[in-house]
Amino acid sequence: MARRVHQPLENQEFDFILGMAEGPVLAYFVGTWPKALEPCRAMDALVAEAAEEYGPRLTAVRTDMTRCPGPTRRFEVAGAPTVVLVKEGAAVASHAGAMSRAELREFLEAHL
């Protein structure tokens with residue numbers, strides 16, 4: 001069974017998920033404007049695969065930049081898609097732009 005990718009609808013829900021996570025959080029920021037849709041949709045499947053592959057070692061959170069502007073500002077996300085690896089509430093690594101499956105795996109392995 002695939003591990004669920006959390007999708008907070010507001011800032012407080014994002015913060016709750018971050019606080020309840022046991023271990024690192026892959027915060028995946030998406031945009032809903034036309035130029036962001038295609039690369040964000042491509043990343044959706046990769047983030048879901050990572051959530052399943054890394055199981056209990058990682059919590060994945062898909063965050064709409066418009067609905068959750070607080071985390072977007074806090075982690076200085078300027079564009080979508082962007083992934084931010086968060087440990088103990090602090091960003092330890094980030095990557096702006098779409099990634100391949102191999103690039104995402106390499107990113108996670110380097111920082112988990």
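**Close-up views of a predicted model**

View 1. Residues are numbered from 1 along each chain as its sequence is written, and side-chain values use heavy atoms, with hydrogens and water left out. A search of the whole structure finds two aromatic pairs. Rings of Phe, Tyr and Trp (for Trp, its six-membered ring) pair if their centres lie within 6.5 Å, and planes under 30 degrees apart count as stacked, over 60 as edge-to-face and the rest as tilted. The ring centres of Phe-14 and Phe-29 are 6.3 Å apart and their planes stand at 40 degrees, so this pair is tilted. The pair links distant parts of the chain, with Phe-14 in helix α1 and Phe-29 in strand β1, 15 residues apart; helices (H or I, at least four residues) and strands (E, at least two) are DSSP runs, numbered from the N terminus. Together with Phe-75, Phe-14 and Phe-29 form one aromatic cluster.

**View 2. Phe-75 and the largest nonpolar core.** A nonpolar core is a set of buried Ala, Val, Leu, Ile, Met, Phe, Trp, Tyr and Cys residues joined through side-chain atoms within 4.5 Å. The largest one here has 35 residues, and those with the most contacts inside it are Leu-26, Phe-75, Leu-104, Phe-107 and Leu-108. Two or more residues come from each of α1 (11-20), β1 (25-30), α2 (34-54), β2 (59-64), β3 (82-87) and α4 (101-111), and α2 gives the most, with eight residues. Leaving aside neighbours within four places in sequence, Phe-75 is in contact with Phe-14, Leu-18, Phe-29, Val-84, Val-86, Gly-89 and Ala-91, where contact means heavy atoms within 4.5 Å.

**View 3. Thr-63 in strand β2.** Thr-63 is found in strand β2 and counts as buried because its relative accessibility is 0%. Once neighbours within four places in sequence are set aside, Thr-63 is in contact with Pro-8, Phe-14, Tyr-28, Phe-29, Val-30 and Cys-68.

**View 4. The cysteines Cys-40 and Cys-68.** The structure holds zero disulfides, a disulfide being a pair of cysteine sulfur atoms within 2.5 Å. Cys-40 is in no disulfide, and the nearest cysteine sulfur, that of Cys-68, is 14 Å away, which is too far for a bond. Cys-40 is buried, with a relative accessible area of 1%, and Cys-68 also counts as buried, at 0% relative accessibility.

**View 5. Trp-33 in a loop.** Trp-33 has its place in the loop between β1 and α2, and it counts as partly exposed because its relative accessibility is 35%. Trp-33 touches Met-65 and Ala-80, when residues up to four places away in sequence are not counted. Trp-33 and Asp-44 are eleven residues apart in sequence and 16 Å apart in space, C-alpha to C-alpha.

**View 6. Ala-110 in helix α4.** Ala-110 lies in helix α4 and, at 58% relative accessibility, counts as exposed. Its C-alpha atom and that of Ala-93, 17 residues apart along the chain, are separated by 9.4 Å.

Note on methods
Predicted model: local features only at pLDDT ≥ 70, side-chain atom pairs only at ≥ 80, totals over all residues. Buried < 20%, exposed > 50% of the residue type's maximum accessible area, 1.4 Å probe, protein only.
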